[in-house]
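Visitor: I would like a brisk tour of this model. Please put it on screen, and I will ask as we go.

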Amino acid sequence: MVFNAIPEGDEGISIPALQKIVGESYKFGQGAAFKNKWIKKSAAGLARSVSSVVDTTRQDLESIRSGNVLADKVMADYKKRKLIDKKKTSSYRVEKGDKFTLTLAKEETDITQEMILSGDWKSAQFKKYNFAPGVVGVAPRGGYLHPLMKVREEFRQIFLELGFTEMPTNKFVDSSFWNFDALFQPQQHPARDAHDTFFLKDPATDRKYPRDYMERVKKVHSEGGYGSAGYGYDWKEEEAEKLLLRTHTTAVSSNMLYHLAQEKEFRPVKYFSIDRVFRNETTDATSLGRVSPIGRSCC
């Protein structure tokens, strides 16, 4: 391009004029022309050294345009000279498939009662479920806390800010020992009757409580001790081992205090709980067979 832009004869052309004709490729073209001894310096600027040249660059570019790939060194040089650039071209071939149609049919997502009654489900086109890994589908709309749960969370935050520790109350089923006997409620107390408490049938009993502690509780019930006169009756383990739905969270408190007493050194604690308890009471529009009381223990 540089050689062709220079007119024939010794007069030549000025460099600014040549730059204007050739453009951005002038710098690379001039260097290649001098290297091949096609041009020389003249009084005006640059002039031809030979009458004609074989433009290998043009031949290479036409070869590249035809889809041929040249040596890496040549390709890199042309790319540096901004004569070529790498581009990715994607092509697609579209053909008619077995299910080609000129009409769009709506795919059903669910089978309805009307479709079953009318029989339309037999000819309906159903959309396939996507069970691919990682597909989560449309996120469901978030719900809201129940008013009682909101009040419970407010009280819970108050106790936590006051330095209380929340007791683990996720065990709804407990033995009568922890629910009644460890709290020194006599076994003939009316609250322990079936019309006030939900007892389990299967399993009906459990003896997972400390035997030594059970003996001490039994003695206080029957004979007294620790400043108490006791109840003076024949305490029976058969009553203590009965399983029930806890009637108060104090059953959890008695268990926690027992384990706290087993520690070698005393440490003051502040416990609290807010969770469900169950009472065999009449169900109506304002009350159920469960409540969520607040329990506190400090020692």
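Visitor: Is T197 buried or exposed?
Guide: This is a predicted model, in which local features need pLDDT of at least 70 and side-chain atom pairs count only at pLDDT 80 or more, while totals for chains, interfaces and linings use all residues. Residues are numbered from 1 along each chain as its sequence is written, and side-chain values use heavy atoms, with hydrogens and water left out. Buried means under 20% relative accessible area, exposed over 50%, and partly exposed in between (1.4 Å probe, protein chains only). T197 has a relative accessible area of 2%, so T197 is buried.

Visitor: Where does T197 sit?
Guide: Helices (H or I, at least four residues) and strands (E, at least two) are DSSP runs, numbered from the N terminus. On that numbering, T197 belongs to the loop between helix 8 and helix 9.

Visitor: Which residues does T197 touch, not counting residues up to four places away in sequence?
Guide: Contact means heavy atoms within 4.5 Å. By that test, T197 touches F180, A191, R192, L244, L245, T247 and N280.

Visitor: How far apart in space are T197 and E237?
Guide: In sequence, the two are 40 residues apart. C-alpha to C-alpha, T197 and E237 are separated by 18 Å.

Visitor: What does S176 touch, not counting residues up to four places away in sequence?
Guide: S176 is in helix 8. Its relative accessible area is 1%, so S176 is buried. Its contacts are D181, R192, F199, E239, A240, K242 and L244.

Visitor: And what is S175 in contact with, leaving aside its neighbours within four places in sequence?
Guide: S175 lies in strand 4 (residues 173–175). S175 counts as buried because its relative accessibility is 3%. Its contacts are D206, Y209, A240, K242 and L243.

Visitor: Which residue lies over the face of F199?
Guide: A charge sits over a ring if NZ of Lys or CZ of Arg is within 6 Å of the ring centre and within 35 degrees of the ring normal. For F199, the distance from the ring centre is 5.8 Å. The residue is K242.

Visitor: How many aromatic pairs does a search of the whole structure find?
Guide: Rings of Phe, Tyr and Trp (its six-membered ring) pair if their centres lie within 6.5 Å. Planes under 30 degrees apart count as stacked, over 60 as edge-to-face and the rest as tilted. The search finds 11.

Visitor: Why is the pair of F177 and Y209 called stacked?
Guide: The ring centres of F177 and Y209 are 4.7 Å apart. Their planes stand at 25 degrees, so the pair is stacked.

Visitor: Which distant parts of the chain does that pair link?
Guide: F177 and Y209 are 32 residues apart. F177 is buried at 0% relative accessible area, and Y209 is buried at 5%. The parts linked are helix 8 (residues 176–179), with F177, and the loop between helix 8 and helix 9 (211–222), with Y209.

Visitor: Which residues form one aromatic cluster?
Guide: F177 and Y209 are among them.

Visitor: What is the angle between the planes of Y231 and Y233?
Guide: Y231 is partly exposed, at 42% relative accessible area. Y233 counts as buried, at 15%. They form a tilted pair, 6.2 Å centre to centre, with the planes at 50 degrees.

Visitor: How are helix 4 and helix 5 placed, parallel or perpendicular?
Guide: Axes are lines fitted to C-alpha atoms, for helices over the stretch in contact, and angles run from 0 to 180 degrees between N-to-C directions. Angles under 35 degrees count as roughly parallel, over 145 as roughly antiparallel, 65 to 115 as roughly perpendicular and the rest as oblique. The axes of helix 4 (residues 56–65) and helix 5 (residues 72–80) come within 12 Å and cross at roughly 100 degrees. The two helices are therefore roughly perpendicular.

Visitor: Which residues in helix 4 and helix 5 meet?
Guide: Helix 4 brings T56, T57, D60, L61 and I64. Helix 5 brings V74, M75 and Y78.

Visitor: Where is the cis peptide bond that has omega of about -5 degrees?
Guide: P203 is in the loop between helix 8 and helix 9. The bond joins D202 and P203.
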